[in-house]
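I opened my notebook for a friendly look at this fold, with a few helix questions in mind.

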Amino acid sequence: MRKLVYIASPLSGDVETNLDFARQACLYAMAQGVTPFAPHLLYPQMLDDNDPAQRELGMKMGNQMLALCDELWLCGDITSPGMAKERALAEDLDIPVQRVSMDGILYRPPDELRWDDGQEQPPGPSMDSLC
């Protein structure tokens, strides 16, 4: 089974640019042979990040998922306050933390994305084939 990696990167500020960077970070993680989980790409699809109660709920759910991950990757060259909290939680849970630079993430040749069994792209949507 592939390693499950929690992807942390900034969200607030230039949200569209930051979401694009988070997607790039996930593609980079896949190219490294791991399965990424980026809560800030999931929960804002259903929760309002501008509503403090909904943002807090999203953070709590992300923290619960972090506890299930094998590693935390801090992506980019800055650490947002939310990322700092995620790092502190990972350290409390003895989850390894790795910094991945923006330059490392943004430079990824298009043919670098591979699945463990050598396929050029992940198999179809069957959950059995993904786990």
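**Entry 1: helix α1.** I noted at the start that I am working with a predicted model. I checked the length of α1, which runs over residues 15-31. At 1.5 Å a residue, its 17 residues should span 24 Å, and I found the end C-alpha atoms 24 Å apart, so the two agree. Just after α1, I saw that G33 has a positive phi of about 85 degrees.

**Entry 2: the buried side.** Which residues of α1 are buried? I listed N18, L19, F21, A22, A25, C26, Y28, A29 and A31. I kept in mind that an α-helix has 3.6 residues a turn, so residues three or four places apart point the same way. Next I looked up what covers the buried residues of α1. The cover includes the strands β1 (4-8), β2 (35-37), β3 (71-75) and β4 (97-100), along with the helices α2 (39-42) and α5 (102-106).

**Entry 3: N18.** I picked N18 from helix α1. Is N18 buried or exposed? I count N18 as buried because its relative accessibility is 16%, under the 20% cut-off. Leaving aside neighbours within four places in sequence, I found N18 in contact with P10, L11 and S12.

**Entry 4: L89.** I then moved to L89, which sits in helix α4 (residues 81-92). With a relative accessible area of 24%, L89 is partly exposed. Beyond its neighbours within four places in sequence, L89 is in contact with N63 and L66. I also took the C-alpha separation of L89 and A67: 8.3 Å, for residues 22 apart along the chain.

Technical notes:
Residues numbered from 1 in each chain as written. Predicted model: local features only at pLDDT ≥ 70, side-chain atom pairs only at ≥ 80, totals over all residues. Heavy atoms only, no water. Helix = DSSP H or I, 4+ residues; strand = E, 2+ residues; numbered from the N terminus. Expected span 1.5 Å × (residues − 1). Buried < 20%, exposed > 50% of the residue type's maximum accessible area, 1.4 Å probe, protein only. Contact = heavy atoms within 4.5 Å.
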